[in-house]
Amino acid sequence: QVHVAESGGGLVQAGASLRLSCAFSGRTFSFYDVAWFRQAPGKEREFVGAGWNSGLTDYADSVKGRFTISRDHAKNTVYLQMNNLKPEDTAVYYCAVCGTGCSVEDIRYWGQGTQVTVSS
């Protein structure tokens with residue numbers, strides 16, 4: 001069992017930045033592919049980005065160029081740096097450990113989520 005815990009959400013104005021953190025339990029963190037998702041009220045959970053254990057990253061078009069995923073292996077932590085936030089980024093953000101893939105259906109472990117609210 002892997003425990004996943006997000007932190008760092010909050011209320012910010014449009015154009016501001018936030019950094020979300022995601023801490024993982026377990027000694028095999030470096031082998032995990034990890035992903036960030038978000039879910040706005042009344043909408044389905046959507047892919048935000050993924051950080052592969054190879055070091056490569058991938059992002060949804062809606063956040064490309066504004067969001068960056070990084071990982072600190074010493075701290076078993078993955079970060080989601082979010083810049084130039086927009087009101088449409090408002091959602092609960094979830095961190096996850098990928099299984100065979102990083103789509104919603106393939107996720108092995110989910111965090112509890114952290115709320116990000118961007119005011120206009």
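## Salt bridges in the model

The count of salt bridges comes to 4, taking a side-chain nitrogen of Lys or Arg within 4 Å of a carboxyl oxygen of Asp or Glu as the rule. The structure is a predicted model. Side chains of opposite charge can pair when their charged atoms come close.

## Asp89 and Arg66

Asp89 and Arg66 form a salt bridge through their side chains, with an N to O distance of 2.8 Å. Asp89 sits in the loop between strand E8 (77–82) and strand E9 (91–98), while Arg66 sits in the loop between strand E6 (57–59) and strand E7 (67–72), so this pair ties together parts that are 23 residues apart in sequence.

Both partners are on the buried side of the 20% cut-off. Asp89 has a relative accessible area of 0%, and Arg66 has one of 9%.

## Arg38 and Glu46

A salt bridge also joins the side chains of Arg38 and Glu46, at 2.6 Å from N to O. Arg38 counts as buried, at 5% relative accessibility, whereas Glu46 is partly exposed, at 35%.

Arg38 and Glu46 belong with Arg66 and Asp89 to a network of salt bridges.

## Asp61 and Lys64

Asp61 pairs with Lys64 in a salt bridge whose closest N and O atoms are 3.2 Å apart. Asp61 is exposed, with a relative accessible area of 66%.

Conventions. Residues are numbered from 1 along each chain as its sequence is written. This is a predicted model: local features need pLDDT of at least 70, side-chain atom pairs count only at pLDDT 80 or more; totals for chains, interfaces and linings use all residues. Side-chain values use heavy atoms; hydrogens and water are left out. Buried means under 20% relative accessible area, exposed over 50%, partly exposed in between (1.4 Å probe, protein chains only). Helices (H or I, at least four residues) and strands (E, at least two) are DSSP runs, numbered from the N terminus.
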